[in-house]
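Biologist: Can you walk me through this one? Keep it short and plain, please.

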Protein chains: 2
Amino acid sequence: MTDATTPLQLEPEFSTDERRGLYKAIHQRRDVRGQFKPDPLPDDMLRRVLDAAHHAPSVGFMQPWNFILVRNPEIKRRIHAAFLEANTEAAEMFTPERAAQYRQFKLEGILEAPLNICVTCDRERTGPVVVGRTHQRMMDLYSSVCAVQNLWLAARAEGLGVGWVSIYRQERLKEILGIPAAIIPIAYLCIGFVEFFFAQPELETAGWLPRLALDDLIFNDQWGKQ
Amino acid sequence: MTDATTPLQLEPEFSTDERRGLYKAIHQRRDVRGQFKPDPLPDDMLRRVLDAAHHAPSVGFMQPWNFILVRNPEIKRRIHAAFLEANTEAAEMFTPERAAQYRQFKLEGILEAPLNICVTCDRERTGPVVVGRTHQRMMDLYSSVCAVQNLWLAARAEGLGVGWVSIYRQERLKEILGIPAAIIPIAYLCIGFVEFFFAQPELETAGWLPRLALDDLIFNDQWGKQ
């Protein structure tokens, strides 16, 4: 697979500032639903962010993702309508007290964000048999999720806010964006410069759910053994 | 949800070095299957890496992940056996020529890596109705995948190699690690210091599949419109 001539990384070490930058992006990344400014993204910046997504890990190196850049106001308006319809249904699934709080949440920035990006997964991109997908059929979907997370972190380092919208009927989204039946939408993202970033996740600030203690989530050698 | 008293990030800007660090982690991250050194991970370093995973985005802030740290040689040996069994099955799924090449690939470092980590998803962690999961049932699985990607990037910035093993029968892995029926294993990771990092993905170097051109993956407003 590799031999003595296979090129290695020439500068594998991270400086203190470089390492801090990685952790800063991870800890200061927020799910942004408001505060978007209308300014368009510079082309070179958008390219860096998409290239970061394209360098996500992918099962069997299949790179199953595509990126649909949505800027057309009419398309955005139709997707926003699909969100509103699903969000009304969603609110009714909660208990009455939770539903009242839920309806106050702002959960998307589809119209305000200058750019929306739909990240997809083409499950047939490299044929039916994929290295590493033979026993875990979901691995290609997970690869596209890794691309989303890379995009999100790169955007944060560029000063861009990103929000992941997941409240819509998938068939409706596919119809609006002309996505073929065999392609799976993984994420619908709203992206743009922002007025500010909140220090904490908004659902944490709102008291919806608390941040869990990391120690409670770590087991040793067996599930439940701490 | 938020008001004028909600705390904002005090240092939202990234320096040039910090931004470079984020991109360096993304571009120099490799799926590591060999080259592991036996040295254990320092506790504070492991903590930073797990805390990075714990700060992934999660649907409805449900934080559905757990981290099973596997160091016990007997447990690792049983998981390695599960890999070998599945990998034999996997090879037989390819065409004869592809199968011959496949059998030469080293696809895991379970026994050599000083630490293995199983990242899971607890779909019932915060009850049946979750903000943002009402119409996309997979969102909680995707949250745990984002935790994996955060872990992987943090590990890279610390000089640690990570390999994602996906060739095993899920029921076998759950049995070996005592994972309850309702919990979904998302990733089985091998992690440790490494002798070196390859410049390119190993499947690319081996000529198994090429890196796709980013331009071919970008559409505008509609699927297929470039």
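Modeller: Here is a quick tour, from one chain to the pair. This is a predicted model, where local features need pLDDT of at least 70, side-chain atom pairs count only at pLDDT 80 or more, and totals for chains, interfaces and linings use all residues. Residues are numbered from 1 along each chain as its sequence is written, while chains are lettered from A and ligands numbered from 1 in the order in which they are written.

Biologist: How many helices and strands does chain A have?

Modeller: Chain A has seven helices and five strands. Helices (H or I, at least four residues) and strands (E, at least two) are DSSP runs, numbered from the N terminus. From that end, the order in chain A is α-α-β-α-α-β-α-β-α-β-α-β.

Biologist: And what box do the C-alpha atoms of chain A fill?

Modeller: Roughly 60 × 45 × 40 Å, along the principal axes.

Biologist: How much of chain A is buried?

Modeller: Buried residues are 48% of the 226 in chain A. Buried means that 20 or more other C-beta atoms lie within 10 Å of the residue's own; exposed means 12 or fewer, and partly exposed is in between, with C-beta atoms placed from the backbone.

Biologist: Is Asp44(A) buried or exposed?

Modeller: Asp44(A) counts as exposed, because it has 8 C-beta neighbours inside 10 Å. Asp44(A) sits in helix 2 of chain A. Its C-alpha atom is 38 Å from that of Pro210(A), which is 166 residues away along the chain.

Biologist: Staying with helix 2 of chain A, at what angle does it cross helix 5 of chain A?

Modeller: Roughly 145°, for helix 2 (residues 43-54) and helix 5 (residues 139-157) of chain A, whose axes come within 7 Å. Axes are lines fitted to C-alpha atoms, for helices over the stretch in contact, and angles run from 0 to 180 degrees between N-to-C directions.

Biologist: Which residues of the two helices make the contact?

Modeller: Helix 2 of chain A gives Arg48(A), Val49(A), Ala52(A) and Ala53(A), and helix 5 of chain A gives Ala147(A), Asn150(A), Leu151(A), Ala154(A) and Ala155(A). Two residues are in contact if their C-beta atoms, placed from the backbone, lie within 7 Å. By class, there are seven nonpolar, one polar and one charged. Ala, Val, Leu, Ile, Met, Phe, Trp, Tyr, Cys and Pro count as nonpolar, Asp, Glu, Lys and Arg as charged, and the others, Gly among them, as polar.

Biologist: How many bridges join strand 5 of chain A to strand 1 of chain B?

Modeller: Three, and the two strands run parallel. Asn220(A) stands opposite Leu69(B) there. Strand 1 (residues 65-70) of chain A and strand 5 of chain B also pair in parallel, over three bridges. In that pair, Ile68(A) stands opposite Phe219(B).

Biologist: How many residues does each chain give to the contact?

Modeller: Chain A gives 101 residues and chain B gives 101 residues. On the chain B side, helix 1 of chain B gives the largest share, 12 residues.

Key: Two strands pair if DSSP finds at least two bridges between them.
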